[in-house]
Amino acid sequence: AAAFERRVLRRAAEHHYLRVRLELPDGGARPNAAQFKQIVVSALRELHGEVGAALPVDVLTYEEKTLSAILRVISGGLVKLWSALTLLGFYQNRRCAFRVLQALVGSCLFFLSPNQTSPFLLALSGNSRELVLD
């Protein structure tokens, strides 16, 4: 029988990127870039407290017309950011929801849709140049 060994690369990429869209079903005023960043920070604070709110998240691009943005987060904060955005349901008594449209891990871009998954995405999340084989 063949013996298998599992190797996990931690923090292979310094930053992760998320392309997200804010959905506001009630319409109303659209947030500007500063307000959008505040919504992201509020989502982190609501789920993860002050430690989550202190997570360094950058809004690299923001389109007010479509309410979509590209967010950059350190690799260790990806799960916290993604979970906080996913679970946010209200902001200042207005219903809202974030949709993660794409994720960029290192240099690999993943297009996410509810009906498509791939068993190969995990393999792309590590940096093959840092893999050590015995």
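So, a nonpolar core here is a set of buried Ala, Val, Leu, Ile, Met, Phe, Trp, Tyr and Cys residues joined through side-chain atoms within 4.5 Å, where buried means under 20% relative accessible area with a 1.4 Å probe, protein chains only. Before I go on: this is a predicted model, with local features needing pLDDT of at least 70 and side-chain atom pairs counted only at pLDDT 80 or more, while totals for chains, interfaces and linings use all residues. Residues are numbered from 1 along each chain, and side-chain values use heavy atoms, with hydrogens and water left out.

Okay, the core. The largest one has 26 residues, and those with the most contacts inside it are Val-20, Phe-36, Val-40, Leu-71, Leu-81 and Phe-98. Elements giving two or more residues to this core include strand E1 (15–23), H1, H2 and E6; these are DSSP runs, at least four residues for helices (H or I) and at least two for strands (E), numbered from the N terminus. H1 gives the most, five residues.

What does Phe-98 touch, leaving aside its neighbours within four places in sequence? Val-20, Arg-21, Leu-22, Phe-36, Ile-39, Val-40, Leu-85 and Leu-88, with contact meaning heavy atoms within 4.5 Å.

Now Val-100, which lies in strand E6 (residues 97–105). Val-100 counts as buried because its relative accessibility is 18%. Val-100 and Val-20 sit 80 residues apart in sequence but 4.4 Å apart in space, C-alpha to C-alpha.

Val-40, Ala-43, Leu-44, Leu-47, His-48 and Val-51 in H1 meet Lys-80, Leu-81, Ser-83, Ala-84, Leu-85 and Leu-87 in H2.

Conventions
Buried < 20%, exposed > 50% of the residue type's maximum accessible area, 1.4 Å probe, protein only.
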